[in-house]
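This report describes selected local features of one protein model. Please look at the sequence and the structure before reading on.

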Amino acid sequence: MDLLQRLPLSILFLICMIANAPAQSIPTRKASNSQPKLGETGVHYEIFVRAFCDSNGDGIGDLNGVTSKLDYLKDLGVSAIWLMPVNPSPTYHKYDVTDYYGIDPEYGTLDDFKRLLAEAHKRDIKVIIDFVINHSSRQHPWFQEAIKGKDNPYHDWYVWMSQKEIDSLNIATRETTADSGERNPWHRVSGAPFSEKYYALFWSGMPDLNYDNPKVRQEIYKAGKFWLQEVGVDGFRLDAARHIYPDWEEPKNHQFWEEFGREMEAAKPGVYTVGEVWTRAEHIAPYFRGLKANFNFDLSLALQEIVAKERDTAEVVTMLVNNHTIFRQVNPRFIDATMLTNHDQNRIGSVLKGNVNHLKVAASLLLTLSGNPYIYYGEEIGMLGMKPDEYIREPFLWDTKEKDLQRSRWRRPRYSADSSVVPLASQQQDPNSLFTHYRKLIRFRNSHPVLNDNLSVLEASSIQQKGIIAFTRRSGNRSVLVVHNLSKDGRDVILYPASAAEGKRIIFDTSGKGRLIKGGKVRVPAYSCVVLEGDK
């Protein structure tokens, strides 16, 4: 049956709405033999600089530390790194910026950053930085000027309302969401010569910028162009992309990101942009008019569930196919940025209770499904962590503690210590380690023209067996069949006639023990994955 015939009426209606929306503003990249743009191939790696690698012994990870580990990342198979915020900030996480043109002294200097960028590019690794523009720090000079009075030229750079206006709009409080636990987003400035309150969605220390003010837009575009043109970064991860405008004005976000996309594309053609839009697919879709990629939080949560339960309770492939149908109506070359977890979520290692078999299955799914996969630093060695946030951002374990001179000491770990996580150096020597599994998977993925096509079409397979997830990926005139066994028992998976075209030979097998057997079947050992292909 045709996919569109199987979709719910509500989704079909939405597709029609999107299809009749104004044409996307970013240039549509032609499906040709030209060099793929950033994000269309490869695997990306997210780094919390503070926790990654300490180069100078002060206990805090820094930019030179990241530079010293580029060969490790190249060996792992990473094609781009995303650095969490590096701008000056009063907090450990640096998501409240005080200077959009600088580097926080804890991390180094702008020259250190440029050296990191140059060394990464020598290794064909691109660099994406967190661009935090939904809000600034309360300590930013703009806000310090804004609180001096309503006649100050910077006052209108932020969102202000009187209590009467807030009450009339019924926006004094809000429901908590996955990306913000703030219930009371309006804050008064003590001692200010006015009674208005400022809007800060995430925390009183992060006042939201007012993008109805053209001067704010132009200043942010100027900062973006500085990093793209003068410094040379390859793209941006856009924090809180859904909240550029407050909740009650969300449609304005779409227009803003279209304009942002045009401005950045003009500054650096092919620039990569990936948005944090934590919501349902039908609400994510309009953001693809201005942003090249958006993160897929639904997939993250689905993968966690099905791996833990060892069965496809989320019908993950059907969900992805439906979501991609919606995204494709807005931008035929959308990039689905996929992940297991990130810096805002409990680590996949803890979600799966440190079960290495489950962690290998999760990695196999992430790295064989369609999309642009992201690995959160330390996932490849099974790092653990549960909220609050500090404990999902613990130091990377490069070697055993007594040998690990570059280990960050920014905080004492509660979850990821030598006693609970095998350090990288030990895992590199173990052919059965989680790290080895990641490296083998990534290398195979990078080598195969279908798996390494992040824009390839995903199709659900008619194979339906307990504990099995199977799907086809198509790119050009080639296709592969991917079969995952989520369970502790080996499975003989029936391939024919449903998958006769792709299921003729095994080209990759995570266990090394998968094999084709009589009767049109493939033996898939416990917790393993096989990739099959037909005749070329």
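Glu-46 has Trp-82 of strand 2 as its bridge partner. Strand 1 (residues 44–47) and strand 2 pair in the parallel sense over 4 bridges, where strands and helices are DSSP runs numbered from the N terminus (helices are H or I with at least four residues, strands are E with at least two) and two strands pair if DSSP finds at least two bridges between them. This is a predicted model, in which local features need pLDDT of at least 70 and side-chain atom pairs count only at pLDDT 80 or more, while totals for chains, interfaces and linings use all residues. Residues are numbered from 1 along each chain as its sequence is written, and side-chain values use heavy atoms, with hydrogens and water left out.

Strand 2 is also joined by 4 bridges to strand 3 (residues 126–131), and these two run parallel. Here Ala-80 has Lys-126 of strand 3 as its bridge partner. Between strand 2 and strand 3 the chain passes through helix 6, a right-handed β-α-β crossover; with the strands pointing away from the viewer, a right-handed path from the first strand over the helix to the second runs clockwise. Strand 2 (residues 80–83) is covered on both faces, with Ala-80 and Trp-82 buried on one side and Ile-81 and Leu-83 buried on the other. Buried means under 20% relative accessible area, exposed over 50% and partly exposed in between (1.4 Å probe, protein chains only).

## Helix 6 and helix 9

The axes of helix 6 (residues 110–122) and helix 9 (residues 214–231) come within 12 Å and cross at roughly 60°. Helix 6 and helix 9 are therefore oblique to each other. Axes are lines fitted to C-alpha atoms, for helices over the stretch in contact, with angles from 0 to 180 degrees between N-to-C directions; under 35 degrees counts as roughly parallel, over 145 as roughly antiparallel, 65 to 115 as roughly perpendicular and the rest as oblique.

Helix 6 makes the contact (heavy atoms within 4.5 Å) with Leu-110, Phe-113, Lys-114 and Leu-117, and helix 9 with Phe-226, Trp-227, Glu-230 and Val-231.

## Residues in loops

Asp-124 lies in the loop between helix 6 and strand 3. Although Asp-124 is not a glycine, its phi is positive, about 60°. Asp-124 counts as exposed, at 52% relative accessibility. Ala-240 also has a positive phi, near 50°, in a residue other than glycine. Ala-240 is in the loop between strand 7 (235–238) and helix 10 (251–267), and is buried with a relative accessible area of 1%.

Glu-196, in the loop between strand 5 (186–188) and strand 6 (197–199), is buried, with a relative accessible area of 14%. Leaving aside neighbours within four places in sequence, Glu-196 is in contact with Lys-150, His-155, Trp-160, Met-161 and Ser-162.

An open sheet of 3 strands has the order 15-18-17, with antiparallel pairing. Strand 15 (491–494) and strand 17 (515–517) stand at the edges with a single partner strand each, so one side of each is left without a neighbour in the sheet. Strand 15 and strand 18 (residues 521–524) pair over 4 bridges in the antiparallel sense, and Asp-492 has Arg-523 of strand 18 as its bridge partner.
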